[in-house]
Amino acid sequence: MSQAEESNSFTERIAALKARIDTACNQYGKHPEQIKILAVSKTFPASSVKEALAAGLHAFGENYVQEGVEKIQQLIAHRRSLEWHFIGPLQSNKTKEVAEHFDWMHSVDREKIARRLSEQRPPGAKPLQVCVQVNVSGENSKSGVMPSEASALALSIASLPNLTLRGLMAIPEPTEDEALQRSRFAELTRLFQEIRVALPAPQQAHFDTLSMGMSADLEAAIAESLPQAATMVRIGTALFGVRPTR
Ligand SMILES: *Cc1c(COP(=O)(O)O)cnc(C)c1O
């Protein structure tokens, strides 16, 4: 990101992001209301989340359990206005924190994690909203269930009592090749449609989200978005700037 972009105010960055989304929607014949922004606040402080909230964003993504839980607690006074999404890899010994603190979990890639999340969801809490992460890049990426196994995992998650299966998520390998980006997202939407029709009617009604697209490939995600699903683009850099190295 250039220095000029770095010095933009948060409001200007949101406006620039929305303009990118609108342009892509126009280009590919999609509706901007179908594109949801998940602000990825990882590595940025609670004050950045507050700034984004004041600018009209409500959904925030974190990919480290401890960092995310700390931020949720720091912002507990705003809890009702905030929707917290866990988007990182998760070990089974950390499922309890996610089940207790987050609203959404995007990166479920095995049954054991799903079962634990359901068992550990606090009584009386709204079901945890879940996406299955699919490894659409084959050997180029480690996280996610293989496409051939996504349907079986999704169907088993749909039967767990304290989870609501909302859709599919993917993090394709980084590439500037837009045709390749699009082919990965197209694979995800193909699976989405296949799984959707296989779900029992009550669960089918909730299966409505494609978690795909980041700062560098959101146009490709919009190009492949489906009319019957919301596309949730997970945006860090384009909103908060370049992340400090950990
Ligand atoms: C960090 C992260 C993002 C945001 O990436 P940007 O390129 O900064 O927009 C999106 N999704 C996941 C899973 C991430 O970990």
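This is a predicted model: local features need pLDDT of at least 70, side-chain atom pairs count only at pLDDT 80 or more; totals for chains, interfaces and linings use all residues.
The side chain of Lys42 has an N or O atom 2.7 Å from an oxygen atom of the ligand, and the side chain of Arg234 has one 2.9 Å from a nitrogen atom of the ligand. The residues around the ligand (a heavy atom within 4 Å) include Asn63, Ser215 and Thr237.

Residues are numbered from 1 along each chain as its sequence is written. Local features need pLDDT of at least 70, side-chain atom pairs count only at pLDDT 80 or more, totals for chains, interfaces and linings use all residues, and side-chain values use heavy atoms, with hydrogens and water left out.

Strand S6 (residues 163-169) is largely enclosed by the rest of the structure, because 7 of its 7 residues are buried (under 20% relative accessible area; exposed is over 50%, partly exposed in between; 1.4 Å probe, protein chains only). Strands (E, at least two residues) and helices (H or I, at least four) are DSSP runs numbered from the N terminus. S6 runs parallel to strand S5 (residues 128-133), with 6 bridges, and Val130 has Leu165 as its bridge partner.

Ala55 lies in the loop between helix H3 (46-54) and strand S2 (59-62) and is partly exposed, at 29% relative accessible area.

Notes
Two strands pair if DSSP finds at least two bridges between them. A polar contact is a pair of N or O atoms within 3.5 Å; within protein, one must be able to donate a hydrogen and the other to accept it, and residues adjacent in sequence count only if both atoms are side-chain atoms.
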